[in-house]
Amino acid sequence: MTTTIGFVLGTLEATPLEFWVAVSPGHVLRLDDVVEVQTSRPDGAGVVRFYGVVDYVRTMYEGAQFDTDTFLVKSGSLPANISYAAHVQVTRIEPEDYLPPQPGDPVDLAVDENLKRALHFDGMEKRIPAGMMRNSFPAYLNFEFINGEKGAHINISGVSGVATKTSYALFLLHSIFNSAALGAQRANTKALIFNVKGEDLFFLDKSNRKLRAEDYANYQTLGVPVEPFNDVRFCAAPRKGSHDVDPHLDQRSDNISVYLWSIRELCRDRLFSFLFAGEDLERGNLGFLVAGVQEKLARLAEDNDRADKKANRQLGVRLDVEPFGALDKQEIETFRDLLEFLEDKLVENPDNSWLGRNAAATAEALIRRLWGIHNEMGHLIRGDLPREQLSK
């Protein structure tokens, strides 16, 4: 059932892509409302249907010329009528005859199937619930533009610092996991969330006790279950300054895995370059040196692995090297040890047989950057712990 809320305005031009609506007394037209208009072709060859979204609404006194006329109208000294009008951006035309609607054509609120046509919901083969619109109808997103089939991008805008964008992103994940859009891929679909805020996201497996009755009704309309995320794994960084491997969290301690890497893993898996910012690696000399050091460390780690296998022992987490530096160290167990080893090989006692000839300034730049991140990385890269603790 449609509801006529106004007519196409005749005092402003109407085009195939946009038009104005004169809102009838006693009716309301808001931003983001969806409307439909049916107009007859001037040649009598049929009708054209326009669907659109309200993107601008305004009221004004007709007959008033100056701002201060408002006081005269309110006092009854100046007669004036109120004009209530809305601007509509056309989203769909059926058939695609790009003719403008005619002044005086009735404008109806789009509901049910007309609403789906207006917003192209009817053409989405894989759709996911995106939330409730102002008109209390569900909105959908085309999953093919999210999963990479036709695109893979979502842009969420909003006020910064009030967690609305984060909450909506989590709702979309919940919607995706509980929709039919995943099909046969549902069982193998996972989400990886990088938390850069507080500890709120470490409770995604808990129910929300603040949901209202209307929230439950909206979820039912969307076809999305009201439940926390299931099968969740939480990972947190270890606490700084502690020899023990404890998560750096204050509000939760159960079901938390601590993530960190062994010295051997860092070298063997060629993760060394990830210690540097992208713009650093784009600088030719430094990027070349980082790549060389990474490969050299990887080969050293592989040599250590072969030695462990030959000795029939479990692969270690540290690096065994030739003696280096003033302390004649032979084991790299900490991130600091690794920095001192590289500093000895590249700066203090340059060994051309280890990596070849390098510009001193480039080598010093590499070491400076590593010392600059020492406090932020030392607790994440360790070789002084048993393997079982590193894989906690």
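**Note on the barrel and the aromatic contacts**

1. Tyrosine 61 stands opposite isoleucine 82 in β5, within the antiparallel pairing of strand β4 (residues 47-62) with strand β5 (residues 81-94), which 13 bridges join. Strands here are DSSP runs of E with at least two residues, and helices are runs of H or I with at least four, numbered from the N terminus; two strands pair if DSSP finds at least two bridges between them.

2. This is a predicted model, in which local features need pLDDT of at least 70 and side-chain atom pairs count only at pLDDT 80 or more, while totals for chains, interfaces and linings use all residues. Residues are numbered from 1 along each chain as its sequence is written, and side-chain values use heavy atoms, leaving out hydrogens and water.

3. The six strands form a closed barrel in the order β1-β2-β5-β4-β3-β6, with antiparallel pairing. Strand β6 (residues 106-109) is joined to β1 (residues 3-8) by four bridges, with threonine 4 opposite aspartate 108, and to β3 (residues 34-40) by three bridges, with valine 37 opposite valine 107.

4. Seven aromatic pairs are counted, where rings of Phe, Tyr and Trp (its six-membered ring) pair if their centres lie within 6.5 Å, and planes under 30 degrees apart count as stacked, over 60 as edge-to-face and the rest as tilted. One of them, phenylalanine 171 with tyrosine 219, is edge-to-face at 6.1 Å centre to centre and 75° between the planes; this pair links helix α3 (residues 164-177) to helix α4 (residues 213-222), its members being 48 residues apart. Tyr168, Phe171 and Tyr219 form one aromatic cluster.
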